[in-house]
Amino acid sequence: MSAILSVEHVGVRFGGLVAIADLHFDVQDGEIVSLIGPNGAGKTTAFNVMTGFLKPSQGAVRFRGTCLDGLAPHAITRLGLARTFQRTSVFPDDTVLDNVMIGLHRRGAPMSRTSFRDALLGRSGAGERALRDRAEALLDWVGIADRAREKAGALAYGEQRLVGVALALATDPTMLLLDEPVSGMNASETRVFVRLIEQIRGRGITILLVEHDMPMVMEVSDRIVVLNYGRLIAEGPPDRIRADPVVIEAYLGQGSAARQAAAAVLEAADA
Amino acid sequence: MSRFLPLALLAGLVVLPLALGPNPYLLNALIVTGILTIGAMSLNLLLGYTGQLSLGHIAFFGIGAYVSALTSLGFDVEIGFGLRVVHAPWPAAVGFLLATVAAGSCGYLIGRLSFRVRGAYFVIVTISFAEVVRLVALNWVELTQGPLALTNIPAITLGLPGLGMWTLKTKLQNYYLVLAVGTLCYGVIARLVGSQFGRAMRGLKENEPLALSVGINATRTLTVAAVISAAMAGAAGSLYAHYLRIIDPDVFLFATTVSMVIMVVAGGKGTLLGPIVGGLIFGLLPVALRPVMAPEAQWIVYGLVLIVILFVMPRGIVPGLSGLLGRRSAPTVPVLEASPAVQR
Amino acid sequence: MDELIQHLANALILGGTYALLGIGLTLIFGIMNVVNFTHGALYTVGAYVMYLAVAGLGLNFFLALPVAILGGLLLGAAIELLLLRPFRGSDIDTTMLVMIAAGIILQSGTLWTFGGVAKAIPSPFPEAPLQIGPVSLSWLRLFVLGAALALIALSYALINRTKLGLAMRAAFQDADTAALMGVDVRRIYTATFALGSSLAAAAGALLGPVYVVFPQMGGLAELKAFAIVILGGLGNVTGAAIGGFILALAEEFGAGYVSSGYRDAMGFLIIITVLLCKPTGLFARAERIG
C-alpha cells in the first residue's frame, strides 16, 4: 500500500486565529479513515484545505504524488479527489436526476454534440441519453432511483446526503472526502449508509470522513485521526483510539455537548 | 406539448405582419420590440442562467451599434502621436459580424476581469463599464460625432452569390431580419441551456461550492456565458443601428438596460420563453399606453408593474402561469428497483 | 501652483456633499443588505423640495434646508415601510429590482410634476467670491461645505453616541443576534433607511443651489455614490466619508488636467480599478464554505 493522500504539516490561520496548527497524516490507498475531534477542532477547515477551497498558511497537501498547492477546487476534483458538503449537498432547484447529470460534467464535452435542430426542438441526442443512463445507474446504486424526478431541495435531509454522494461519485473519483455524511440520519438510515460506504470502497475508492457519530466511526473506519485545537492528538485503529486517554480527555475537556460525544466514545468502547 | 410552443410562437410571428396589413406604426413598434427582446434574451443568459445581474448590458448593445455603424460609414481619426486611422466604408453585413465579434470580445474582457467580484460589486462594475463607454461615445467626437449622432447609416444588404442582392430598406424586410436573428439566438440559447454547459451554469447559480467540487470551472463557464450574451446583445445593437439609420450616445442609457431587465424578470428569468413573453408585453405596452398617457406616466406604470410582478409572481409570468395551469404535474414515479447498495 | 490650490479647494467643497451621499448609501447597505437604487431619486427629491420651499413658498433659505432633509426622511421611511418590508427575506437581487422600480417611479414622477426644464434655486449669499490669496471661493460653496461637515458630524454622533445608533450597530454586526437581545430590527431598518435617505436629500438640497435642479440629476449622483461606497468598502461609514473626498479629488484633477469631458468618468474608472486590483480587500464580510 502507498499513501494516496498526504497532509504535510498543514497550518491555517485566519488573522490571529489558529484554525489548524500543524496537521500531518497520510491516507493509504483503499483505506477508510475517519477524522474526528470536538467541535471547532478544525476538521471542516482541513477538508477545505484538501479540496482547494482554502489556501493553507503553511505546509502542503499531496494527492497521488501531485502537490495541490495553488490548484482551484475544480482542478483538484479533476485529479480524482471528490468531496461532499456538510449542509448544502445538492443543487436544490433541479431534479435529482439533473443533479447527478450536473455532476457528470466531466463526461460529455462541455457542449454536447446534440445537434442544433434536436436542441431546438427539445429532443435529446445520443450523448445526452448516455449521460442520463449513467446518472440513473448512479442513483440506483446509492438507492434513491425512486426520487429521480423530484426536486432535490424538497427531499428529506438523509436523502439529500445520498444525492450528494451520487454527485461526488459522478466525478469518477479515486478518493472521496465525506463531511459528516450521517448527521441528521436516523439509526436505520445510518446503517444503510455504513453499507454504502463499504460498497464505495469496494469500487476501489479510498475514503476519508469527518463524523460525530462515534459508533458509526468505530464501525466503519480502518484508522482514526483525532484532532483537537487544530492539532493531531492521536492516530490509530479504532481499538486503540477508544482506549486512548488523551482522546477521552479531549472530549471531556469541552462543554456539555462535547461531554455527550465523550460518552458516545466510551459507549462505543463498551460495545 | 411545450416543445411545440416555441414553433407555434414562431409561426405566429411569421404571419403576424400579413395579419396586420400595412400598418407602419405597429410594424415599427414590433421591430424595436424585437430588437430589445433579443437584448433581453441575451441578458437572460447571464441573469437567468448564471444568476449574475449585469446592469451594464446596454454597453454591449451600444458597442454593437457603434461598431456596426462605424464599419459601414467609415471614419478617419487621429489616435495620437500623429498617427491616423482611416477606414473606408465596408458593407453593413460585415458591420453586423464585426459588431457581434467586438461586443463578444468586450464580454470576454468584462467576464475575465469582473467575475472575481460577485453580487452587489458585480452589478456596480457592470453599470460603471456602461457609463464609461457612454462617456467615451459622448466625448470622442472625432470618431462618434458625440451628441450630434452618427447619421446616414446604411441599411443592411444581404447577397447570395449568383442570386443577387437585397438591401433591407422596408419595415417588412427589417421585421423578418429581426425575426430571423431572434430565432437564431433562441436556437443557440436553447442548445446551450440543454447541454452540459447549461447544467454547469445552473449548478454554479444554485450552489457554487458544490458546482466547483464536481469539477465545474466557474471562471471559464461564466466567461463563456458572458461572451455569448454580449455577442448577442451586440448583434441586436447592430440591427438597431441599421434599422434606425441614426445613433447617438443615448443608446447607452441606463433606462434601456432597465427595460431589458424588466422584460426578463417579468417574463421569467432562467426560462427560454420568459424574455420573449416579457419582451412582447413590455415592448408593446407603450403602443397601448401612448394614446392615454405621457411617457413619464408610462414609466411609472412600468415601475409599478415590476413591483407587483416581483411581489405576486417572483419567478415571472412564464413559470407563474405554468405553475397555475398545473402543467408541471409531477410525472408518475417509476417503480422502485431495490438498490444493490441497500439490498443484502 | 495657484491652480493646484484652487483645484484642492474645489475638491474639498465637493467632497463634503459626496461624503454625505456615500454615508447614506453605505449605511443602508451595511445594515440592511439593500443596494439602494432610489438614492439618486432621493437626492433629486431633496433638491426639488429645496426649490419648492425657496422659490415656490418663499421660505428662508436656511429654513428650507431642514425642510428638504425632513422630506427625504419621511419619503425614505415610506419607501421602507411600503416596499422593503414586504420583501424582507427575498434575495438581494429581488430587493435590488424593487429599488430600481421605485427609483424609476420617483424619477418619472419628478419629471411628470416639474417638467424637464432645469430650475435654479436662488441663494442668499453674495455673488462676489471670497478671495484668499490666489484662491477664490464662493460663499455659497463654503456654506455647503460647512453644512455637509456638520451633517456628517451629526450622523457620526447619532451612530456612536445614541441608543438608536447602538441598536443600528448591533443590527449591522448580526441582525439575528440583535433581535434576540431585544432590538426591534424592523424599526431599526426603517430608521436606517430614513436616515440614509435624509442624507441623500440633504446632499441634493445643498448641491441644488450650486448647480441647477433637473429630474435626471440623481442618476449620475447615484452612480457616484456607488463609486464612493466601493472605494470605502460597502458598509464602512468612515470609508464612505473618505471615499467622497477621494472621488472629488479625482474628478477635480481629472477635469483640470486630463479632459473636462471625462470628469464624470473618473468615478467609474476608480470603481473598476479598485475592484480589479483589490477586490478581496474591500469585501465587508467573508463567506465561509462548507
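A: A:Glu180 sits in the loop that links strand β7 (175-179) to helix α7 (187-202) of chain A; helices (H or I, at least four residues) and strands (E, at least two) are DSSP runs, numbered from the N terminus. The model is predicted, so local features need pLDDT of at least 70 and side-chain atom pairs pLDDT 80 or more, whereas totals for chains, interfaces and linings use all residues. Residues are numbered from 1 along each chain as its sequence is written, with chains lettered from A and ligands numbered from 1 in the order in which they are written.

Although A:Glu180 is not a glycine, its phi is positive, at about 45°. The residue is buried, because 20 other C-beta atoms lie within 10 Å (buried, 20 or more such atoms within 10 Å; exposed, 12 or fewer; partly exposed, in between; C-beta atoms are placed from the backbone).

Residues 24 or more positions apart make up 66% of the chain A contacts with a separation of 6 or more, a contact being a pair of C-beta atoms, placed from the backbone, within 7 Å. Chain A is divided into domain 1 (3-88 + 173-237) and domain 2 (91-154), bounds that come from an automatic or database domain assignment. The C-alpha centres of these two domains of chain A are 28 Å apart.

A second residue with positive phi is found in chain C. C:Asn33, also not a glycine, has a phi of about 60°, and its place is the loop between α1 (2-32) and α2 of chain C. With 17 other C-beta atoms within 10 Å, C:Asn33 is partly exposed.

Helix α2 (residues 39-56) of chain C, in turn, holds C:Tyr51. C:Tyr51 is buried, as 23 other C-beta atoms lie within 10 Å. Leaving aside residues up to four places away in sequence, C:Tyr51 touches C:Lys119, C:Ile121, C:Gly208 and C:Val213. C:Gly15, by contrast, is 36 residues from C:Tyr51 in sequence and 22 Å from it in space, C-alpha to C-alpha.

Chain C as a whole has 12 helices and two strands, arranged along the sequence as α-α-α-α-β-β-α-α-α-α-α-α-α-α. Its C-alpha atoms fill a box of roughly 60 × 45 × 35 Å along the principal axes. Of the 290 residues of chain C, 51% count as buried. Among its contacts between residues at least 6 apart in sequence, 76% join residues at least 24 apart.

Chain C also meets chain B, with 37 residues of chain C in contact with 35 residues of chain B. On the chain C side, α4 (92-114), α9 (217-232) and α11 (265-277) each supply at least two residues. The largest share, 15 residues, comes from α4(C). By class, this side of chain C has 28 nonpolar, seven polar and two charged residues; Ala, Val, Leu, Ile, Met, Phe, Trp, Tyr, Cys and Pro count as nonpolar, Asp, Glu, Lys and Arg as charged, and the others, Gly among them, as polar.

Within chain B, helices α2(B) and α12(B) meet through residues including B:Leu26, B:Ala29 and B:Val32 in α2(B) and B:Gly274, B:Pro275 and B:Ile276 in α12(B). The contact between α2(B) and α12(B) has 11 nonpolar, seven polar and no charged residues.

Note on methods. Two residues are in contact if their C-beta atoms, placed from the backbone, lie within 7 Å.
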